[in-house]
Amino acid sequence: MTTEVAPEPADLLTRLQERFPGAVEPAPEPYEGLIVARDRLVEVATFLRDEMGYGYLSNVVGVDYPEEVNGLPPRFEVVYHLFQPTGGPLTLHVHADRENPVVPSLVSVFPAAEFQEREAWDLLGIRFEGHPDLRRILLWEGFDGHPLRKDWHEVYYEEEKKPFSSRWPEGHPVMAESRAPLGRNLRYPPGWSPEDWRPTADAWGYRPHDEVAEQRNPAMPVDRVVLNMGPHHPSTHGVLRLLATLEGERIQKLEPILGFLHRCHEKIGERNTWLGNIPYTDRLDYVCSMTNNWPYVLAVEKLMGVEVPERAEYIRVIMGEFTRFLNHAVSVGFMCNDLGIYFTVMLYALEEREFILDLFEMTAGSRMMCNYMRFGGVAHDMTDEAVGLARELAFERLPRFVDKVDAYLTENELFRARTVGVGVLPPDQAVAYGCSGPLLRGSGVPYDIRRADPYSIYDEFDFDVITAPDGDAYSRYLVRLGEMRESLRILQQALNRLPDGPVMAGKKKATLKVPAGESYGRIEAPKGELGFYVVSDGGPNPYRYHIRAPSFINLGVMGELCRGHLIADVVIILASVDITLGEVDR
Amino acid sequence: MYASLHLLKSLGITIRRFVDTYVDDLRWFFKGGFGARYTPDTLPIRQSPTTSRGIFTVQYPAERLPLPERFRGFPFLIEEDGRLRCTACGTCARVCPPQCIWIVRASDPETGKPLREPAEFHIDISICMQCGFCAEFCPFDALKMGHEIEIAAYDREKDLLLDLERLRKPISYHAQIHPTEYAAEQERKQAKAARAKKG
């Protein structure tokens with residue numbers, strides 16, 4: 001990232017219009033940002049990256065508008081969120097034809113777009129011209145259609161929007177399975193038969209690997225081996241499959257294959273009411289549900305223009321920082337698990353986590369699926385007992401734990417032998433691939449949204465952005481360790497200053513209408529930048545609901561990280577990236 | 001040079017934890033003989049962040065951790081003075097994110113007008129995600145989240161699709177699992193009654 005002074009938005013628009021006459025125009029109300037002509041997109045993006053300092057492509061999302069809305073014709077839209085080293089997003093909209101949607105690919109400018117463009121192709125059927133490898137990413141080839149198109153209906157389709165009218169006042173229960181029984185709950189593309197289908201790996205999975213084999217080193221002829229790790233390998237932290245091409249024991253090419261846990265969260269989100277999405281967000285990154293609620297309510301609050309009471313902001317920060325601590329503790333534990341330090345560090349971490357989960361259970365009502373935040377505040381106030389437990393943890397118990405982990409691992413020769421110099425990610429590559437969180441800061445890039453684009457009340461706290469310069473697995477461990485300490489610092493300040501007052505702005509409402517518009521809410525989640533892009537058409541349900549999942553985008557760099565390393569290092573590199581499959585596959 | 005100072009230090013931490021468990025066992029032994037550590041009375045001591053020493057696990061199902069008042073299990077309907085508080089307004093069914101609540105509103109058999117009570121009330125707890133919205137948004141405090149967690153069953157339709165009979169719980173159960181909430185409820189009620197008397 002360059003450190004250029006951020007130009008004023010109006011100034012930016014004039015500069016763009018001077019440079020690209022007729023290609024850039026401001027988006028009409030209620031949309032944000034700019035509309036860029038399709039054929040000039042790559043040039044505009046290159047200009048923004050190289051000359052305006054917008055070096056970080058965070059989010060790429062497709063939206064389907066089958067009808068004319070807000071004076072714009074029926075279209076597919078691709079929305080890009082670009083960031084400078086500090087400040088809010090620059091939103092670019094690119095329109096594509098509804099019948100034959102083609103948009104130029106931005107992979108050559110921002111490699112971060114690779115996975116996200118594949119996702120947009122998979123779920124919306126928008127083709128990206130010039131994309132090196134445009135395949136389905138979350139679904140399989142036997143899937144019929146592109147589910148996020150507005151005219152696509154699932155087999156269990158009941159109604160377009162919740163609440164369903166069959167539930168009340170004449171709600172006679174029907175089991176969903178009886179409406180679509182086994183054998184009839186699947187639909188294949190026309191002309192596609194599961195019997196003729198060869199397992200995916202043969203057809204397309206190994207294809208890029210064959211290309212690699214062509215470039216084999218003639219001086220040292222070693223047989224190429226294609227190795228599948230997962231989807232049931234204990235080190236993959238869930239159902240992730242890694243397809244690796246090996247020469248001897250060295251990785252030549254490695255590719256994550258995703259989607260085993262895909263449930264089309266975003267389609268569910270579009271059917272749901274605004275409120276009904278909050279408990280669903282808990283299920284994304286199931287290790288840290290508190291921080292999953294947060295960006296979603298943030299995005300919707302932006303649209304609604306609600307002010308959150310001060311006490312609620314403090315409680316959100318307390319819960320968010322406890323979640324960060326919990327995630328990093330467990331992540332370090334899992335990293336040790338993968339190294340073969342079986343369950344020692346892990347169980348130490350789980351013991352501390354247990355107390356934090358007790359606090360969540362006491363306050364929110366559930367240990368892991370907290371469902372705690374609401375639009376304009378939080379669901380319940382913290383009781384005195386909960387504040388007491390939080391103080392005990394933040395001031396006494398957890399600092400001791402961090403010191404113990406530090407003493408246990410930081411200088412441990414075995415730990416260092418396995419992690420130092422493994423999976424090195426140079427800072428420019430980290431930024432280009434859109435990495436975020438400890439992965440980015442472990443490469444020496446001091447980018448933390450809490451500091452760069454403060455949300456909630458983070459500008460009131462005193463804390464440091466932890467970085468480590470080397471970009472290897474050990475650096476990422478150091479960043480996590482440091483961030484645990486910083487979290488405790490924030491927690492101590494927040495608990496000392498916790499004000500009295502209400503925790504909800506106004507009255508809780510079961511059904512709410514959100515003003516039309518679009519909004520992108522993002523926070524520094526424990527795993528990186530977690531963003532929610534929501535579009536409202538003014539109704540009781542979101543029109544579009546997209547999640548920028550840090551685990552998913554951080555995985556995009558996995559192949560680069562592993563290249564040239566030993567097969568045994570893949571495990572530790574994956575652990576140091578820290579993913580949750582609930583969020584990767586959504 | 002792998003086995004060296006820091007590695008031994010790490011191993012020392014592990015061994016200290018290991019020994020701690022036995023020391024704690026002995027401590028309890030001198031206090032109360034064999035098995036003194038594993039009684040319900042010691043559970044809060046073993047599970048507290050300040051006093052827990054040694055092994056931290058609980059011998060489930062022989063021992064159970066107490067659930068906090070706000071814990072969200074599955075919803076139940078409160079029956080007070082022989083009738084349900086529920087008025088079949090349908091707020092819970094509308095707000096339910098996975099749409100697992102089904103209500104049939106009762107109607108007067110003679111006039112056919114809808115009554116303020118449910119004729120049928122079903123909750124499919126195999127779909128319920130325990131978010132607690134139904135209890136949170138119920139305008140009549142008629143529905144609360146219970147504390148049952150062990151609901152494993154063989155038949156989904158028979159055992160997990162709860163009907164009115166199985167959802168109905170006496171108010172004493174509510175008072176028992178939600179003491180603070182119940183007290184606040186009673187206070188509000190009394191204040192209202194006092195206001196009505198005055199007015």
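Predicted model: local features only at pLDDT ≥ 70, side-chain atom pairs only at ≥ 80, totals over all residues.
The model has an ipTM of 0.90 and a pTM of 0.90. For chain B, the mean pLDDT is 87, and 98% of the residues reach 70 or more.

Chain A contains 21 helices and 15 strands. The C-alpha trace of chain A extends over about 70 × 60 × 60 Å along its principal axes. Of the 586 residues in chain A, 51% are buried. Among contacts in chain A with a separation of 6 or more, 68% are between residues 24 or more positions apart.

The largest nonpolar core has 194 residues, and within this core A:Ile318 and A:Leu359 touch the most other members. Helix H10 of chain A, residues 310-339, makes the largest contribution to this core, with 16 residues. When residues up to four places away in sequence are left out, A:Ile318 touches A:Ala390, A:Leu491, A:Ala494 and A:Leu495. In soluble globular proteins, nonpolar side chains tend to be buried together.

Two domains are assigned in chain A, domain 1 (9-129) and domain 2 (278-545). Their C-alpha centres are 29 Å apart. The contact between them involves 20 residues from domain 1 of chain A and 16 residues from domain 2 of chain A. On the domain 1 side, strand E3 (56-65) and strand E4 (75-83) of chain A each provide at least two residues. The largest share of that side comes from E3(A), with 6 residues. By class, the residues that domain 1 of chain A places against domain 2 of chain A are 12 nonpolar, 7 polar and 1 charged.

Chain B is likewise divided into domain 1 (1-66) and domain 2 (75-198). In chain B, the centres of the two domains, taken over C-alpha atoms, are separated by 42 Å.

Between the chains, 42 residues of chain A are in contact with 38 residues of chain B. On the chain A side, two or more residues come from each of helix H8 (277-282), helix H11 (344-364), helix H12 (384-410) and helix H13 (413-419). H12(A) gives the largest share of this side, 7 residues. The chain A side of the contact comprises 20 nonpolar, 11 polar and 11 charged residues.

Several local backbone features were found in loops of chain A. The peptide bond from A:Glu29 to A:Pro30 is cis, with omega near 0 degrees. A:Pro30 is located in the loop between strand E1 (24-26) and strand E2 (34-36) of chain A. A cis peptide bond, with omega about 0 degrees, also joins A:Lys162 and A:Pro163. The loop that holds A:Pro163 runs between strand E7 (127-129) and helix H4 (176-179) of chain A.

Positive phi values occur at A:Cys264, near 50 degrees, and at A:Phe343, about 60 degrees; neither residue is a glycine. A:Cys264 is in the loop between strand E10 (250-257) and helix H7 (265-271) of chain A. This residue has 17 C-beta neighbours inside 10 Å and therefore counts as partly exposed. A:Phe343 is in the loop between H10 and H11 of chain A. With 11 C-beta neighbours inside 10 Å, A:Phe343 is classed as exposed.

Technical notes
Residues numbered from 1 in each chain as written. Chains lettered and ligands numbered in written order. Domains from an automatic or database assignment. Contact = placed C-beta atoms within 7 Å. Helix = DSSP H or I, 4+ residues; strand = E, 2+ residues; numbered from the N terminus. Nonpolar A, V, L, I, M, F, W, Y, C, P; charged D, E, K, R; others polar. Buried ≥ 20, exposed ≤ 12 C-beta atoms within 10 Å, placed from the backbone. Core = buried A, V, L, I, M, F, W, Y, C linked by C-beta atoms within 7 Å. pLDDT = per-residue confidence, 0-100.
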